[in-house]
Amino acid sequence: MTSNHSLTKMKLFNPEFPNKSTGIINGETSGLLNWNDIAYPQMYTLYQTLLSNFWKAQEINMQDDIKQWDQLSPTEKDVFLRINTQLASLDSLQTPTMNQVMDYVTDSSFKAIFAVISQQEAVHNESYSYILSSLVPLHEQKERFNQAKDDPIVRKRNQLILNAYEGFREQPTPENLFKLAINSINLEGIYFYAGFAFFYNLARQQKMLKTSTMISYIQRDEMQHAYFIAQFVRILLSENPELNTDENKEYVYHAIGQAVELEKEWAHYILKDIDGIDLKEFEEYVEYLANKRLRQLGFQNLYKERDNPMPWIHVFSDEMMNDTKSDFFEQKSRTYTKVSQSNGFDEL
Ligand code: ZN
Ligand code: ZN
């Protein structure tokens with residue numbers, strides 16, 4: 001099977017095949033998942049880590065942020081709303097994409113992890129809507145979501161991701177799955193960070209802490225998604241050596257390099273009037289992130305090696321991946337922030 005052939009959409013149930021798949025793509029598998037009998041046992045740990053992050057928007061009571069909202073400057077409000085809907089649009093695209101991949105991945109343990117990621121993207125998407133509904137009326141929410149569709153810089157940066165995603169939808173080949181995965185790493189591991197920096201910068205000034213708490217949960221999820229997808233790519237390449245070409249290696253450096261440039265461009269555009277964010281430092285931070293993603297893929301650094309130039313962004317660093325339940329901003333367990341079902345939308 002060469003990388004130009006379409007991937008086979010497996011039948012749901014193939015009792016003649018083993019439960020443990022013979023490959024992550026084009027494998028033979030019954031379709032039944034026994035977590036104790038999987039090809040890559042470390043995937044069970046990853047699955048459990050993802051589940052241990054479980055949270056939902058309504059656990060966070062937005063009352064403090066609602067009270068603070070009118071103390072933000074008009075520029076802060078505008079940037080807040082633009083970033084909120086821009087991040088929501090990335091999650092809107094990621095939810096169905098992770099789901100679609102499940103049809104072509106033959107290892108059931110990977111399918112299960114893609115299902116969890118898809119569910120988490122849906123939660124992220126909802127949480128941006130939840131923040132928005134706490135702060136502005138419906139007509140402005142709609143306007144802001146339309147703005148996210150039309151903004152030329154947002155369109156330009158999203159186009160890179162969309163080309164790879166649409167490419168796989170049209171032609172689900174191993175090559176296109178590989179490209180989709182690299183672009184997913186860009187989305188999960190690079191594209192969110194100008195937005196995250198904005199919210200954490202507000203939090204550093206004790207502003208909109210509930211929003212930042214939610215953002216920190218999202219960041220933790222995204223970081224683990226990027227890590228999982230990097231593992232997926234490594235296994236895809238090792239099981240399918242025909243994908244391990246110089247051209248594809250070049251593709252990785254090129255696609256990640258492009259994402260870095262687009263994220264810098266976006267940061268200069270959206271954060272230029274925000275006090276407290278040094279854009280030069282942010283550029284170095286994006287390069288630092290890109291190096292991290294490349295090393296997770298088993299590739300070389302594309303940029304100068306440096307320590308994290310913006311340690312205050314990294315609430316949940318890769319090194320702290322398992323330190324999952326503490327709340328950075330409020331210094332107490334997040335379980336204390338749980339509120340009753342009636343909080344949230346109902347109070348507004
Ligand atoms: Zn997400
Ligand atoms: Zn994600």
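Among contacts in the protein between residues at least 6 apart in sequence, what percentage join residues at least 24 apart? The figure is 77%, where contact means heavy atoms within 4.5 Å. This is a predicted model, in which local features need pLDDT of at least 70 and side-chain atom pairs count only at pLDDT 80 or more, while totals for chains, interfaces and linings use all residues. As for bookkeeping, residues are numbered from 1 along each chain as its sequence is written, chains are lettered from A and ligands numbered from 1 in the order in which they are written, and side-chain values use heavy atoms, with hydrogens and water left out.

**Overall make-up**

- The protein has 11 helices and two strands; these are DSSP runs numbered from the N terminus, with helices being H or I of at least four residues and strands E of at least two.
- Along the sequence, the pattern reads α-α-α-α-α-α-α-α-α-α-α-β-β.
- Of the 348 residues, 58% are buried; buried means under 20% relative accessible area, exposed over 50%, and partly exposed in between, using a 1.4 Å probe and protein chains only.

**The zinc site**

- The zinc ion (ligand 2) is held by Glu-121 (OE), Glu-188 (OE), Glu-188 (OE), Glu-222 (OE) and His-225 (ND1), at 1.9 to 2.6 Å.
- Donors here are N, O and S atoms within 2.8 Å of the metal (3.2 Å for Na, K and Ca), and water is not among the atoms, so sites may look incomplete.
- Along the chain, the donors of the zinc ion (ligand 2) are spaced as E-x66-E-x33-E-x2-H.

**Helix α9 and its partners**

- Helix α1 (residues 42-52) meets helix α9 (residues 209-239), with axes that come within 11 Å and cross at roughly 160 degrees.
- That makes α1 roughly antiparallel to α9; angles under 35 degrees count as roughly parallel, over 145 as roughly antiparallel, 65 to 115 as roughly perpendicular and the rest as oblique.
- The axes behind these angles are lines fitted to C-alpha atoms, for helices over the stretch in contact, and the angles run from 0 to 180 degrees between N-to-C directions.
- On the α1 side, the contact uses Met-43, Leu-46, Thr-49 and Leu-50, and on the α9 side Gln-224, His-225, Tyr-227, Phe-228, Gln-231 and Ile-235.
- By class, the contact of α1 with α9 has six nonpolar, four polar and no charged residues; Ala, Val, Leu, Ile, Met, Phe, Trp, Tyr, Cys and Pro count as nonpolar, Asp, Glu, Lys and Arg as charged, and the others, Gly among them, as polar.
- Helix α8 (residues 193-204) packs on α9 too, at an angle of about 145 degrees and with axes 9 Å apart.
- In that contact, α8 supplies Tyr-193, Phe-196, Phe-199, Tyr-200 and Ala-203, while the α9 residues include Leu-209, Ile-215, Ile-218 and Glu-222.
- The contact of α8 with α9 splits into eight nonpolar, four polar and one charged.

**Helix α3 against α8**

- Helix α3 (residues 74-101) packs with α8 at about 140 degrees, their axes 10 Å apart.
- That makes α3 oblique to α8.
- Glu-76, Val-79, Phe-80, Ile-83, Asn-84 and Leu-87 of α3 meet Ala-194, Gly-195, Phe-196, Phe-198, Phe-199 and Leu-202 of α8.
- Sorted by class, the contact of α3 with α8 has nine nonpolar, two polar and one charged residues.

**Ser-184 in helix α7**

- Ser-184 lies in helix α7 and counts as buried, at 0% relative accessibility.
- Ser-184 touches Gln-94, Met-98, Tyr-165, Gly-189 and Ile-229, leaving aside residues up to four places away in sequence.

**Positive phi angles**

- Most residues other than glycine have a negative phi.
- Asn-26, in the segment before α1, has a positive phi near 50 degrees and is partly exposed at 25% relative accessibility.
- Gln-206, in the loop between α8 and α9, has a positive phi of about 60 degrees and is exposed, with a relative accessible area of 53%.
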